Amino acid sequence: MDHDFLSKGGEMGALMRAKDWDQTLIGPVDKWPQSLRTTLGILLNSKFPMFLFWGEELICFYNDAYRPSLGNDGKHPSILGQKGEEGWPEIWDFIKPLIDQVLIEGEATWHEDQFLPIYRNGKIEDVYWTFSYSPVNDESGQTAGVLVICNETTGKVKMVKELEASTTRYRTNLLQTPSAMCVFRGPEYKVEIVNTLMLELWERKEHEVLNKPIFEALPEAANQGLEEILLNVYTTGERYIASERLVRLLRKGEIVDTYINIVYEALKEHDGIISGIVAVANDVTVQVEARKKVEDAEERARLAGEIAEIATWDLDVPNQALIYSENLATIFGHDKSSKLIRSDLHKQIHPDDFYILQRAYKMALQTSVYKYESRIIKPDNSIAWIRAHGKIFFDENNVPLKMIGTVMDITDEKNRQQILMKSEEKFRLLADSMPQHVWTSDALGNLNYFNQSVYTYAGLSPEAVDKNDWLKIVHPDDREANINAWMEAVNSGNDFLFEHRFRRHDGQYRWQQSHATAQKDEEGNIQMWVGTSTDIQDQKDFTNKLEREVSERTAQLEIKNKDLINMNIELQSFAYISSHDLQEPLRKIQTFASRLADLDEQNISAKAKTYLNRIEVSAKRMQTLIQDLLTYSRTNSAERVFVKTNLDEIAEEVTSDFSERIEETNAIVNFHPLGEITVIPFQFRQLLHNLIGNALKFSKKDEAPYIEITAKRVLGSDLGIRVNYPERIYYCLKIADNGIGFDAEYSERIFEVFQRLNTESEFSGTGIGLAIVKKIVENHKGIITAHSEKGKGATFEIYIPE
């Protein structure tokens with residue numbers, strides 16, 4: 001069997017030779033494809049970390065250079081020859097799609113500083129990788145495996161813990177990571193070669209910089225001292241190295257501060273003449289800003305410790321030398337300038353609590369974590385509480401070397417706990433004495449307390465209820481809704497209010513109303529929930545009875561309403577038909593009276609002629625009354641179609657109707673721009689006609705009529721009167737005149753049907769005109785008001801909601 005391709009595989013090769021490769025999933029070694037043998041030979045002898053997934057099962061192979069990445073928890077060499085899914089279960093969901101992509105597309109892919117937590121050294125570790133996945137073809141040219149070339153970059157990504165490390169070590173670590181690189185050629189420093197990382201650093205495209213002087217391609221870098229540095233390197237050949245040099249560069253359209261590690265190296269020809277400069281750069285802005293944040297955080301932590309009265313201490317365990325912040329002495333009741341040793345502090349520990357320190361130290365030797373709470377006795381014999389947190393550091397032989405930690409005074413906290421415990425005892429005593437069900441839960445909604453009333457009502461023991469069996473007392477039909485409503489309240493922080501049925505100890509279910517409120521701290525964070533459940537069965541029974549009675553009464557009212565609607569329809573039809581039919585005999589009366597009047601005066605006596613005049617006047621008045629009744633009837637029965645209407649046009653039409661009357665009386669009708677409003681057009685025309693007509697009719701004999709019409713829009717709540725829609729905008733129409741007016745006491749009465757404030761001999765009319773106006777306003781859900789004084793004109797204000 002030919003195993004030559006494993007002959008120089010180092011330790012890994014030895015391990016592979018030791019395995020029974022004839023039993024692998026790939027088959028006997030001598031049957032392996034030559035492409036696999038060749039790839040393994042390259043992989044095993046490479047000094048760069050490499051990994052291979054082969055075949056449909058994706059069998060794992062790797063070389064010695066990769067082995068340190070596996071840690072020391074036994075993964076090596078068990079995953080050799082193992083399926084990839086079995087060897088790398090913790091990251092398989094991520095790398096399997098990459099492998100499939102390479103196998104399907106046959107093209108390489110790579111990732112830089114990819115976060116891939118892997119299991120090693122007995123735990124999941126956060127690890128970052130820069131790696132490439134490349135296809136490996138078999139003899140037929142088909143992709144049969146994936147070659148992984150990788151490098152762990154965790155150290156670069158996570159920041160070097162020791163920022164004080166030497167420049168040489170820092171530079172070495174930097175050189176081991178991919179860096180931005182370019183070549184400047186000639187005294188003009190023309191960009192001859194530039195890689196992708198440098199283009200990303202510059203935020204330029206290759207065609208924008210290639211073969212151009214650097215300060216022409218990157219003008220923002222000029223006048224920052226780089227010209228002198230490049231000149232010195234180009235003329236003297238001296239290398240220039242800068243760490244975290246501040247350079248202002250273009251970033252997303254803005255010039256920003258950028259920190260860069262730079263190396264400028266002279267590029268010499270074979271004869272030693274300098275012809276260019278190799279520039280290597282690495283953007284460390286993130287690291288610098290992070291370090292500054294850490295420094296700021298450390299300073300803030302120091303200040304916070306002082307403000308919060310947290311003392312820090314550092315103990316050298318072998319010689320018991322103690323270093324501490326000055327507020328440690330203050331916590332123990334000494335002057336801050338006092339010099340204390342560890343034994344002095346131990347003497348102040350309360351004798352009853354000293355065992356706590358001993359137990360904490362014993363536990364810390366096992367876990368390295370040192371923490372305890374205890375009482376101390378201050379020099380003035382007062383008692384205080386302290387809380388200590390620390391950590392022990394060991395040498396390679398597990399011998400304690402150093403302890404560091406903090407101490408803080410928690411006396412006030414302990415006192416509050418005591419007060420809280422007493423308050424809770426009082427709460428439980430009070431709750432147990434109440435007939436209501438009282439219960440509490442933690443911030444997550446887990447019920448943790450029930451008062452005695454719950455146990456008595458349910459007939460269950462506290463143990464049964466406390467084990468979340470409390471849901472058993474809730475009616476099965478109410479449980480799911482109960483849980484959903486409770487979780488919604490817990491998640492939102494809103495009050496829990498729910499009605500459900502609880503089973504009593506005798507098996508009867510009774511309705512309960514449960515209400516719980518979140519108890520929050522000063523910052524609004526929920527600390528707990530307090531709830532009550534009240535028996536509302538009697539209330540439910542009464543409500544059900546009341547609902548039945550209301551339902552019966554509602555049915556009766558519906559019948560009455562239907563009868564009333566029918567009566568109204570009949571009444572409207574009667575009023576319309578009666579008014580319409582009355583006009584026919586009235587026309588005959590007018591006709592015959594007119595014919596009698598036209599007869600020879602010798603055949604008609606003066607007294608008969610007087611009677612005929614009275615008949616004509618009465619008939620004309622009757623005709624006017626019937627027409628007004630028809631108009632009033634139509635305001636109720638006509639179809640109400642609302643249309644966006646220009647009131648200026650309607651006002652002009654109405655004014656034109658009264659042109660003769662206006663000319664006779666020298667009247668002035670002044671209407672300001674009224675604008676548009678959505679109304680029933682013919683009704684609003686009737687409204688303006690009646691109001692303007694009244695203003696012309698009821699004018700003073702010795703003064704020309706003056707009528708002014710204005711409009712505006714006002715929010716309902718700002719009108720100063722009670723309206724149905726205070727949140728809406730109202731269209732306000734105002735019609736004012738200088739006529740005879742009326743007494744204020746009649747401001748409501750004038751809108752009633754047949755109401756007249758003047759004698760018929762003074763002013764003709766039926767007393768229906770304003771009733772029609774009011775009905776039209778009501779059809780528009782509006783309000784009309786009238787204001788007047790005798791002899792001082794009248795003002796009508798109409799408010800229509802839009």
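This is a predicted model: local features need pLDDT of at least 70, side-chain atom pairs count only at pLDDT 80 or more; totals for chains, interfaces and linings use all residues.

1. C150 counts as buried, at 5% relative accessibility, where buried means under 20% relative accessible area, exposed means over 50%, and partly exposed lies in between (1.4 Å probe, protein chains only). C60 is likewise buried, with a relative accessible area of 0%. The count of disulfides comes to zero, a disulfide being taken as a pair of cysteine sulfur atoms within 2.5 Å. In general terms, a disulfide is a covalent bond between the sulfur atoms of two cysteines.

2. Residues are numbered from 1 along each chain as its sequence is written, and side-chain values use heavy atoms, with hydrogens and water left out.

3. The model holds 29 salt bridges, each defined as a side-chain nitrogen of Lys or Arg within 4 Å of a carboxyl oxygen of Asp or Glu. Some of these contacts form a network, in which E373, R387, E413 and K414 are linked.

4. R120 and E125 form a salt bridge whose closest N and O atoms are 2.7 Å apart. How accessible are the two partners, R120 and E125? R120 is buried at 8% relative accessibility, and E125 is buried with a relative accessible area of 17%.

5. A salt bridge also joins the side chains of R239 and E265, at 2.4 Å from N to O. This pair links distant parts of the chain, 26 residues apart: R239 lies in the loop between α11 (226-236) and β10 (240-251), and E265 lies in strand β11 (residues 254-268). Helices (H or I, at least four residues) and strands (E, at least two) are DSSP runs, numbered from the N terminus. R239 is exposed, with a relative accessible area of 52%, while E265 is partly exposed at 28%.

6. The side chains of E244 and R291 meet in a salt bridge, with an N to O distance of 2.8 Å. Here too the pair links distant parts of the chain, with E244 in strand β10 and R291 in helix α12 (residues 285-307), 47 residues apart. E244 is partly exposed, with a relative accessible area of 26%, whereas R291 counts as buried at 18% relative accessibility.
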